Amino acid sequence: MYRYDEFDSQLVNERVEQFRRQVDRRLAGELSEDQFKPLRLMNGLYLQLHAYMLRINIPYGSLSSHQLRTLAHVARTYDRGYGHFTTRQNIQYNWIQLQQVPDALADLAAAEMHGIQSSGNCIRNVTADQYAGVAADELTDPRIYCEIIRQWSTLHPEFSFLPRKFKIAVTAAPTDRAAVQVHDIGLRMHRNAAGDPGFEVIVGGGQGRTPFIGKIIRDWLAPSDLLSYLEAILRVYNQDGRRDNLYKSRIKILVHQIGAEEFSRRVDAEWQAIRDSALQLPQAEIERIRRYFAGPEFAELADEPDLLRQQADADPQFAAWLKANKADHKMPGYAIANISLKSLNAPPGDMTARQMDAVADLADQYSFGEIRVNHRQNLVLPSVPQRDLNALYQRLAEQQLATANIGHTSDIVACPGLDYCSLANARSIPIAQEIHQRFENMDRLHDIGEVTINISGCMNACGHHHVGNIGILGVDKRGEEYYQFTLGGSSGTDAALGERTGRGFPAAETAPAVERVLRTYLDIRAADERFLDTYRRVGMAPFKEALYGAA
Amino acid sequence: MALLKDGRPQADEYTDVSAAADPAARGPVLVSLTQWREHRAALLARDERLGLRLQSDEKPASVSDDLQHFDLVALEFPTFRDGRAYSSARLLRERYGYAGELRAVGDVLLEQLHFMHRVGFNSFELDTDDAAREWQIAASDISVWYQPTGDGRRTAVENRHGLADAAPRRQAAVR
């Protein structure tokens with residue numbers, strides 16, 4: 001994992017002290033809320049329905065056990081004993097006191113974390129494949145380039161007041177686990193015809209009110225040109241992006257309005273002028289950062305199929321967990337273990353300080369002290385010896401963290417919704433919990449197989465409903481909460497936007513409607529066919545009939 | 001309004017006529033892009049120092065061949081949220097080689113002075129009683145820079161690897 005050097009530490013510490021002075025000025029009445037707002041937003045501090053909310057970046061979703069313990073400490077000391085993991089690999093604290101924020105930030109800085117640019121119209125936390133460094137199919141560790149982008153984008157003086165927020169995601173594997181096609185910029189590393197690794201550059205994807213799948217504007221970009229090319233894209237966007245309408249300010253609208261070809265022409269013209277500049281990445285810096293991601297010293301282990309089968313046969317619940325939550329590791333004898341934060345006991349993505357401490361301990365014991373956060377609000381222990389999986393499972397179960405549902409119906413992504421958020425039109429969490437409850441029966445869950453359900457409490461789409469296989473959007477209809485459905489969305493390699501089914505349902509009828517969709521799928525699916533594949537084969541008609549009756 | 005130039009409060013020698021119907025005035029004037037285009041010959045004939053005030057949607061490319069005529073270019077921030085002038089400033093300095101006074105005008109906040117200085121501004125029109133103190137705070141808060149912006153500050157990457165400056169740069173800090 002990357003470790004701050006003296007320069008990284010100094011910047012973050014100076015930033016904390018700067019914000020401390022600003023908070024003091026606010027508390028002393030020298031700054032009005034209006035004047036203070038842009039300052040607090042630049043440090044990830046929002047004012048929500050009931051209280052301040054502090055959003056802390058987890059760079060590209062990687063945490064050390066020490067950092068997770070620090071997040072637990074912040075939850076316990078400055079909040080109500082829990083935190084909420086978001087769809088952008090961040091964590092949010094929902095009940096923080098303004099006067100305590102600088103202390104919380106200082107504690108986080110000591111563990112090499114911060115909230116800089118976790119809000120505002122600037123370049124946000126760069127996200128990555130949560131299996132980076134351990135995935136069997138990756139070309140290189142994408143976090144090397146995420147860290148390079150993190151540094152370049154931190155307090156970038158030219159790009160801190162963009163038309164709108166700006167999100168970058170990086171993957172280096174053919175299977176897209178980072179949703180690169182629905183980001184402002186998606187970078188996908190692959191090899192060109194000569195066999196050299198470089199980036200495919202995708203621009204203008206996004207969700208919100210006007211969702212788009214991104215367009216490829218460059219097939220292959222040399223890694224040493226990464227920053228000059230990004231700077232060219234950002235400069236074109238900063239100058240030409242719309243600023244007259246908040247809802248038309250994202251780069252996706254610019255790319256859509258002038259076309260990908262014209263956009264790419266403007267970027268190229270700008271790029272040619274700055275390509276041979278100090279932005280050219282020195283190989284020594286790429287190598288310096290690469291060394292941090294060399295990975296742990298793996299033991300020489302053999303795969304343990306017999307042992308796992310034996311343990312699974314003895315315990316059907318462990319069998320279910322293995323089937324849903326284990327993923328393949330690049331090293332023999334190791335596995336990737338997903339930890340679901342979607343249990344019936346808490347809102348999706350919520351985790352108590354006690355659970356965080358427990359997972360930090362488990363990471364130390366079983367996974368080289370490393371934890372990942374993914375964009376479906378779950379955690380990952382990236383490198384667990386297969387022979388320890390059963391012991392890990394038992395320990396997770398003690399913490400109510402052994403829910404076996406990764407990628408299944410009850411692994412629901414939901415925004416905080418009207419329970420917390422000042423933008424929301426409808427609640428998300430109770431709907432997620434009701435759906436979860438309905439599909440609690442494990443056997444049934446595994447009959448249904450892989451399906452993603454995403455819930456957003458308003459059209460800003462923080463729950464990413466456009467790319468859920470089943471998307472649910474809360475709307476306000478004459479003072480009542482209604483829920484509209486989209487079907488067929490995906491944020492993976494086969495990214496697609498879901499299609500609207502028709503009129504929405506009142507809250508009480510929403511979970512039953514999901515059940516009708518899934519029953520229809522069970523009736524018509526071919527063997528081993530995922531929900532998404534069935535939908536793509538048969539289209540909307542049978543599902544529409546299940547939802548609204550025969551036309 | 002206070003004018004802060006090269007780190008010191010100063011009197012503004014220019015008369016801003018950019019919103020006036022007739023750009024004629026005594027002494028140095030600050031004119032709009034439209035005025036410059038309409039009265040170019042007359043303005044050059046005055047043999048006075050000349051300043052150009054650009055709106056945030058007026059790109060520097062449109063005046064890149066005229067820059068030798070200006071001693072001052074003022075870039076407007078209609079609101080602090082409109083960040084286009086940050087790009088304009090870098091283009092003026094780094095691409096078109098403008099070396100005269102580059103002034104930030106409009107909604108210019110203390111917290112942005114540092115960013116503005118990094119992209120090439122060396123003077124600021126501020127709504128404050130104590131511009132010198134504001135500059136002192138803004139200039140000393142942060143001392144690590146990750147991006148090469150042509151402002152003379154050494155980046156973290158250059159410091160880490162003991163690299164020589166990649167290109168000759170404008171003079172550094174204006175403290």
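Me: Which residue of strand 7 of chain B does B:Leu72 stand opposite?
Reply: This is a predicted model, in which local features need pLDDT of at least 70, side-chain atom pairs count only at pLDDT 80 or more, and totals for chains, interfaces and linings use all residues. Residues are numbered from 1 along each chain as its sequence is written; chains are lettered from A, and ligands numbered from 1, in the order in which they are written. Strand 6 of chain B pairs in the parallel sense with strand 7 (residues 101-106) over six bridges. In strand 7, B:Leu72 stands opposite B:Glu101.

Me: Which residue of strand 6 of chain B is the bridge partner of B:Gly51?
Reply: Two strands count as paired if DSSP finds at least two bridges between them. Strand 5 (residues 50-54) and strand 6 of chain B pair in the parallel sense over four bridges. B:Gly51 has as its partner B:Leu72.

Me: Why is strand 6 of chain B largely enclosed by the rest of the structure?
Reply: A residue is buried if 20 or more other C-beta atoms, placed from the backbone, lie within 10 Å of its own, exposed if 12 or fewer, and partly exposed in between. B:Leu72, B:Ala74 and B:Glu76 point one way, B:Val73, B:Leu75 and B:Phe77 the other, and all are buried. Strand 6 (residues 72-77) is largely enclosed because its buried residues number six of the six.

Me: Which helix supplies the largest share of the side of chain A that touches chain B?
Reply: Residues are in contact if their C-beta atoms, placed from the backbone, lie within 7 Å. The contact takes 31 residues from chain A and 30 residues from chain B. Helices 2 (33-41) and 5 (143-153) of chain A are among those that each supply at least two residues of chain A's side. The largest share, six residues, comes from helix 1 of chain A.

Me: What are the ipTM and pTM of the model?
Reply: Chain B has a mean pLDDT of 90, and 93% of its residues reach 70 or more. pLDDT is the predictor's confidence in each residue, from 0 to 100. The model scores ipTM 0.93 and pTM 0.95.

How values were computed: Two residues are in contact if their C-beta atoms, placed from the backbone, lie within 7 Å.
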